[in-house]
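Reader: I have a structure open and want to talk through its contacts and geometry. Can we go through it piece by piece?

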2 protein chains.
Amino acid sequence: MTLTPLQQEFVLHFGEMGSRWGINRTVGQIYALLFLSSVPLNAEQITEALGISRSNTSMGLKELQSWTLVRLKHFPGDRRDYFTTPDDLWEIVRTLVAERKKREIDPTLTKLRELEMQGPAGDDYAEARIAELRELIEMMTGFYAEMEKLETERLVKLMTLGGKIAGLIDRTGGIIPSLTKRK
Amino acid sequence: MTLTPLQQEFVLHFGEMGSRWGINRTVGQIYALLFLSSVPLNAEQITEALGISRSNTSMGLKELQSWTLVRLKHFPGDRRDYFTTPDDLWEIVRTLVAERKKREIDPTLTKLRELEMQGPAGDDYAEARIAELRELIEMMTGFYAEMEKLETERLVKLMTLGGKIAGLIDRTGGIIPSLTKRK
DNA sequence: CCTCCGTTTCAGAAATTTCTGAAATCTCTG
DNA sequence: CAGAGATTTCAGAAATTTCTGAAACGGAGG
């Protein structure tokens with residue numbers, strides 16, 4: 001397994017970006033490699049291609065599996081594990097968003113609710129600020145839950161329409177009445 | 001400056017979450033402290049409240065300023081710098097999203113374009129995959145650019161309407177014709 | 001129930017990031 | 001322009017994270 005210059009550069013970039021994305025270099029590189037590979041790869045091939053230790057590969061793959069960002073494949077007569085990324089990029093995005101929400105948002109939302117449950121602490125400003133933050137996060141996660149339900153086709157439509165949607169929203173009363181009246 | 005139990009717990013939580021959010025513990029704590037404070041605080045107060053070194057506070061504030069997440073305030077007859085977070089949470093969210101995009105997305109988009117510019121590398125699959133990824137990111141950043149333009153009021157409306165918007169989008173031809181025809 | 005092939009675990013090494021105290025710098029004010 | 005107050009810089013210490021090699025584990029065949 002030798003990488004083409006294109007793969008090489010892509011893999012290195014993902015490795016470097018890893019820390020910004022909340023994963024480590026190795027995990028970023030493994031993911032990049034799988035992403036560009038038309039065929040599933042096993043741990044040994046990944047180890048060799050990236051020049052890292054076998055155990056590091058194992059840990060990286062475990063991490064990627066915990067994110068459900070990679071798929072396991074098997075071939076008849078070969079008991080090694082092979083890994084791929086989904087073909088469908090939208091599926092990847094959905095996974096990514098869902099996992100980041102789970103790791104970066106949900107714990108805080110839980111904590112905010114906890115703090116509010118503890119009742120008045122005699123610090124009105126802080127309490128109000130926490131309530132406001134919780135409400136905002138709830139609104140955003142609620143919106144996210146709606147978007148998550150949409151099939152990809154509509155989601156793409158929504159995104160490409162972009163600003164046009166907003167034009168339909170009236171500042172005061174939701175969707176422009178003259179439009180919504182007629183169904 | 002002694003923290004109330006409420007502030008204490010909030011601050012510690014933000015410190016712990018820091019690493020998941022791509023900032024360090026101290027930066028998370030400083031931000032949390034400022035967020036809950038009804039009045040601007042100076043570096044000395046922050047240092048004391050969090051029990052960290054003065055230089056660490058300085059670095060943390062510098063980091064927060066580079067994210068434009070805090071505001072500088074001054075009081076007459078006092079030449080120390082005081083810091084606050086914006087009152088408007090939506091402004092905070094906008095800043096956060098903009099900065100994360102700048103740090104986590106833009107460099108990769110640039111890199112992908114670079115890779116494509118380097119011309120055919122004789123690796124059709126990888127090239128196609130990279131192009132597909134670039135297109136997806138472009139679509140999403142394009143959509144983001146549209147949303148960014150909206151005033152908060154409309155954005156909130158959009159989010160609270162949630163799934164209802166999607167219902168307006170026809171699977172085949174954009175917004176449902178019977179609605180868009182009449183302006 | 002061995003043995004072989006593959007994977008995972010884990011303790012310590014290496015690398016990186018964060019934090020501190022001391023010194024340097026900056027800038028008002030008298 | 002000297003001195004006091006405030007902030008920043010920076011080299012090394014401390015803490016944390018990542019990576020490795022060796023050993024443990026697991027299970028399919030013989």
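**Contacts, rings and strands**

Author: Start with A:Arg134, which is in contact with A:Leu109, A:Leu112, A:Arg113 and A:Glu116, leaving aside its neighbours within four places in sequence. Keep in mind that this is a predicted model.

Reader: Where does A:Arg134 lie?

Author: A:Arg134 lies in helix α6 of chain A, residues 124-149.

Reader: And is A:Arg134 buried or exposed?

Author: Buried: the relative accessible area of A:Arg134 is 15%, and the cut-off for buried is under 20%.

Reader: Switching to the chains. What rotation superposes chain A on chain B?

Author: A rotation of 180 degrees, with 0.0 Å of shift along its axis, and the RMSD is 0.0 Å. That is the relation of a two-fold axis.

Reader: Which surface do the copies meet through?

Author: The copies meet through the same surface, because 99% of the interface residues of chain A are also interface residues in chain B.

Reader: On to aromatics. How many aromatic pairs does the structure hold over all chains?

Author: Ten aromatic pairs over all chains. In one of them, the rings of B:Phe10 and B:Phe35 have their centres 6.0 Å apart and their planes at 15 degrees, so this pair is stacked.

Reader: Which parts does that pair tie together?

Author: B:Phe10 lies in helix α1 of chain B (residues 5-21) and B:Phe35 in helix α2 of chain B (residues 25-36), so the pair ties together parts that are 25 residues apart in sequence.

Reader: B:Phe10, buried or exposed? And B:Phe35, buried or exposed?

Author: B:Phe10 is buried, with a relative accessible area of 1%. B:Phe35 is buried too, at 3%.

Reader: What sits over the ring of B:Phe35?

Author: The charged end of A:Arg129, 4.2 Å from the ring centre. In the other direction, the charged end of B:Arg129 sits over the ring of A:Phe35, also 4.2 Å from its centre.

Reader: Which residues form the aromatic cluster in chain A?

Author: A:Phe10, A:Phe14, A:Trp21, A:Tyr31 and A:Phe35 form one cluster.

Reader: Take A:Phe10 from that list. What does A:Phe10 touch?

Author: Not counting residues up to four places away in sequence, A:Phe10 touches A:Ala32, A:Phe35 and A:Leu36 in chain A, and B:Leu112, B:Leu115, B:Ile130 and B:Leu133 in chain B. The largest nonpolar core has 100 residues, and A:Phe10 and B:Phe10 are those with the most contacts inside it.

Reader: Now the Trp. Where is A:Trp21 found, and what does A:Trp21 touch?

Author: A:Trp21 is found in helix α1 of chain A, residues 5-21. With residues up to four places away in sequence not counted, A:Trp21 touches A:Phe14, A:Arg100, B:Glu104 and B:Thr108.

Reader: Buried or exposed, for A:Trp21?

Author: A:Trp21 counts as buried, at 18% relative accessibility. As for distance, the C-alpha atoms of A:Trp21 and A:Pro76 are separated by 36 Å, and the two are 55 residues apart along the chain.

Reader: How many bridges does β2(B) make with β3 of chain B?

Author: Four, in the antiparallel sense, with β3 spanning residues 78-84. Among the partners, B:Leu72 is bridged to B:Phe83 in β3(B), and B:Arg71 stands opposite B:Thr84.

Reader: What do β2(B) and β3(B) form?

Author: A hairpin with two residues between the strands; B:Gly77 in the turn has a positive phi of about 75 degrees.

Reader: And the sheet in chain A, what order there?

Author: Chain A has an open sheet of three strands in the order β1-β3-β2, with antiparallel pairing. Strands β2(A) and β3 of chain A pair over four bridges, and A:Arg71 stands opposite A:Thr84 in β3(A).

Reader: Last one, on backbone angles. Which phi does A:Thr68 have?

Author: A positive one, about 50 degrees, although A:Thr68 is not a glycine. Most residues other than glycine have a negative phi. A:Thr68 is found in the loop between α4 (54-66) and β2 of chain A. In chain B, phi of B:Thr68 is near 50 degrees, and B:Thr68 is found in the loop between α4 (54-66) and β2 of that chain.

Technical notes. Residues are numbered from 1 along each chain as its sequence is written. Chains are lettered from A and ligands numbered from 1 in the order in which they are written. This is a predicted model: local features need pLDDT of at least 70, side-chain atom pairs count only at pLDDT 80 or more; totals for chains, interfaces and linings use all residues. Side-chain values use heavy atoms; hydrogens and water are left out. Two strands pair if DSSP finds at least two bridges between them. Rings of Phe, Tyr and Trp (its six-membered ring) pair if their centres lie within 6.5 Å; planes under 30 degrees apart count as stacked, over 60 as edge-to-face and the rest as tilted. Buried means under 20% relative accessible area, exposed over 50%, partly exposed in between (1.4 Å probe, protein chains only). A charge sits over a ring if NZ of Lys or CZ of Arg is within 6 Å of the ring centre and within 35 degrees of the ring normal. Copies are superposed by least squares on the C-alpha atoms of residues with pLDDT of at least 70 in both. Contact means heavy atoms within 4.5 Å. A nonpolar core is a set of buried Ala, Val, Leu, Ile, Met, Phe, Trp, Tyr and Cys residues joined through side-chain atoms within 4.5 Å.
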